[in-house]
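Let's walk through this fold together, strand by strand.

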Amino acid sequence: MEPKSATQILVVEDDENDSFLLMREIERAQLDDHVTVIDKGRTALEFLTQAEIPPLAIFLDLYLPDLNGVQLLDQLRHNPKYMNTPIIVMTGSVNPNDLKECLRLGVTAYLPKPVRLTSFIKTVAHLFPKVAVPH
């Protein structure tokens with residue numbers, strides 16, 4: 001997979017159902033023109049390493065094969081290119097240590113799965129204030 005400079009939103013999610021539900025919300029927010037979906041943490045890291053410019057936002061699952069979401073978040077936050085990129089963690093985890101670690105690493109938002117439309121709209125409206133989000 002070659003990195004596209006047109007990628008504005010990166011979704012890193014290994015569960016097809018969760019990916020489908022998130023893409024549905026992205027489509028509702030009319031942001032689906034430039035979305036890339038990657039299902040493995042290491043593949044996402046390689047994609048981002050090769051990208052010319054960072055995406056506008058990264059939606060990140062915590063439980064990924066080969067390189068988990070916390071490890072990926074940690075590597076991205078230590079890379080000057082991605083220090084300020086909005087990263088939204090989506091997780092089914094109820095482990096308070098996951099939340100604590102994500103907050104320590106500077107996650108932008110922490111959304112429980114399944115991602116509900118209202119949470120998604122609030123997050124998108126905050127990240128992309130110029131985008132008209134349907135209510």
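Strand β1 and strand β3 run parallel, joined by 4 bridges; two strands count as paired if DSSP finds at least two bridges between them. Helices (H or I, at least four residues) and strands (E, at least two) are DSSP runs, numbered from the N terminus. What you are viewing is a predicted model, in which local features need pLDDT of at least 70 and side-chain atom pairs count only at pLDDT 80 or more, while totals for chains, interfaces and linings use all residues. Residues are numbered from 1 along each chain as its sequence is written, and side-chain values use heavy atoms, with hydrogens and water left out.

Buried here means under 20% relative accessible area, exposed over 50%, and partly exposed in between (1.4 Å probe, protein chains only).

Moving on from β3 (residues 57–61), you reach β4, which pairs with β3 in the parallel sense over 4 bridges. Ile-58 stands opposite Ile-87 there. The two strands and helix α3 (residues 69–77) make a right-handed β-α-β unit; right-handed means that, with the strands pointing away from the viewer, the path from the first strand over the helix to the second runs clockwise.

Why is β4 (residues 87–91) described as largely enclosed by the rest of the structure? Because 5 of its 5 residues are buried. Ile-87, Val-89 and Thr-91 point one way, and Ile-88 and Met-90 the other. Strand β5 (residues 109–112) runs parallel to β4, joined by 4 bridges, with Thr-91 opposite Pro-112.

Finally, the packing. A nonpolar core is a set of buried Ala, Val, Leu, Ile, Met, Phe, Trp, Tyr and Cys residues joined through side-chain atoms within 4.5 Å. The largest one has 23 residues, and Val-12, Ile-58, Leu-60, Leu-72 and Leu-76 touch the most other members. β1 (9–12), α2 (41–50), β3, α3 and β4 each give two or more residues to this core. A second, separate core of 12 residues includes Leu-22, Val-35, Ala-109 and Leu-111.
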